[in-house]
Every structure is written in structure tokens, then in C-alpha cells.
Amino acid sequence: TPSPGGGSASAAVAAIGAALGCMGGFLTYGNKKFESLDSTMRRLISQLKEIYSDLMPMLDKDTDAFNDYVSSMKLPKSTQAEKDRREEIIQQKLIKAVEVPLAVMRICDKCWIPFLELAHCCNVRVISDVQTGSRCLEAGVWGAYYNVLINLKSVADERLKEQVLMEVSAKIESAQSNCQEILKILGARSEFSIDSGS
């Protein structure tokens, strides 16, 4: 079946990213070597856990939005009134299909500040987990971006399209720059000399 598809997968991948950030925090918290960071870790874990909890429902919300759009395409169109009503509902469902992945991008954008802080001070043994988490978040943002675009092209409201395009472009730029900065920080803390920001 066509659903769940890329939109739900994007939310799932992003949720995994947030969960890996939580893991990095948990494996730093309570460690005697990092005892001075316990309050910081408690705060970061709480923030990332909340983000994870916000992302998980988006898997089903994206599937539901897509299925509702498909159902609207099957509405009757024998008369002009039916055609007008069908088009109105299709547009409503399209906008919803844009709003869900856009929400995923917005939620992911909240991850970068705690991830950056975590990158500076997490237990060195979880560096690879935090690196993977940041890449998952970036991939989730990209996936959500593609799903916004595929639905947005059929939206009739040109003003809305322009506003959404501006926002998602900014979110992509944020994801790219923040992910690269996180990988750079973690790469510098790693014993390996591989360029982690590539």
C-alpha cells in the first residue's frame, strides 16, 4: 500500500534521532566522571524526550492525512456542484497533508540546541550515538521537506505556498548547518581524525 510512506518514515527517523540524543544524555547522567553535568543532562534528556514524544504521533497523522486526501479524490463529480465541493475538500486535505510534515520539520528544529549542547559535553563513549542521532534528525527533516513539496505543488493558495516554501527552506538550512556543526564538535572530541562533518 502507498501508506504509511515517506512522510511517516521521516517522522520515525527523526524520532530515532531524538531518542539517540536521549540515550547520549542517559549514558552521561549518573556517571561519576561526569557528575558535574547531572543537572545539565537531566534538562537535555527532558527536552529530547519531549521532542521524541511529539514526533511519534506524526507517523499515524501523516498516514491519516494521506489516506484522507486519497479518499477525497474519489468524491463524486457528476455535476458542477459536486465538482466544486470535491475540489474544495481536496484542497483542504492537501493542506493537511502539507501541515503534518511541516510540523515534523518544526519539531525537529527544536532538537538542534539541545543536541549542540550535548555534543560539547556528552560521555565520549556515546559520541557515535549522538553523531548518528544528528544525522537521523537531518534525514528526517529532508524527508519531511520532500513530502511538503510533493503535496504543496497541488495547493491552489499561492500565498500559502510562498509562505510554506520560505519556512521549509529555512528549516533545511538550519538542519544542514546545525548537523554539520554538531558533527564537527563531536569529530574534534573523537580520537579519530576522520572529517565527521563531510
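Student: Where is the place of Lys161?

Tutor: Lys161 sits in helix α7, residues 158-189. Helices here are DSSP runs of H or I with at least four residues, strands are runs of E with at least two, and both are numbered from the N terminus. A word on the source: this is a predicted model, where local features need pLDDT of at least 70, side-chain atom pairs count only at pLDDT 80 or more, and totals for chains, interfaces and linings use all residues. Residues are numbered from 1 along each chain as its sequence is written, and side-chain values use heavy atoms, with hydrogens and water left out.

Student: Why is Lys161 called buried?

Tutor: Buried means under 20% relative accessible area, exposed means over 50%, and partly exposed is in between (1.4 Å probe, protein chains only). Lys161 has a relative accessible area of 15%, so it counts as buried.

Student: Which residues is Lys161 in contact with, leaving aside its neighbours within four places in sequence?

Tutor: They are Leu152, Lys153 and Val155. Contact means heavy atoms within 4.5 Å.

Student: What makes Gly21 buried or exposed?

Tutor: Gly21, in helix α1, has a relative accessible area of 1%, which is under 20%, so it is buried. Leaving aside neighbours within four places in sequence, Gly21 touches Leu48, Phe115 and Leu118.

Student: How far apart are Gly21 and Glu181 in sequence and in space?

Tutor: They are 160 residues apart in sequence and 15 Å apart in space, C-alpha to C-alpha.

Student: Why is Leu27 called partly exposed?

Tutor: Its relative accessible area is 43%, which falls between 20% and 50%, so Leu27 is partly exposed. Leu27 lies in the loop between α1 (6-26) and α2 (38-55).

Student: What makes the nonpolar surface patch?

Tutor: Met23, Phe26 and Leu27 make a patch of about 280 Å². Patch residues have over 30% relative accessible area and no salt bridge; like charges are joined within 9 Å, and nonpolar side chains (Val, Leu, Ile, Met, Phe, Trp, Tyr) within 5 Å. A salt bridge is a side-chain nitrogen of Lys or Arg within 4 Å of a carboxyl oxygen of Asp or Glu. With 43%, Leu27 passes the 30% cut-off.

Student: How many helices and strands does the chain have?

Tutor: Seven helices and zero strands, running α-α-α-α-α-α-α from the N terminus on. The C-alpha trace spans about 75 × 25 × 25 Å along its principal axes. Of the 198 residues, 45% count as buried.

How values were computed
Areas by Shrake-Rupley, 256 points an atom, 1.4 Å probe, with all protein chains shown as cover.
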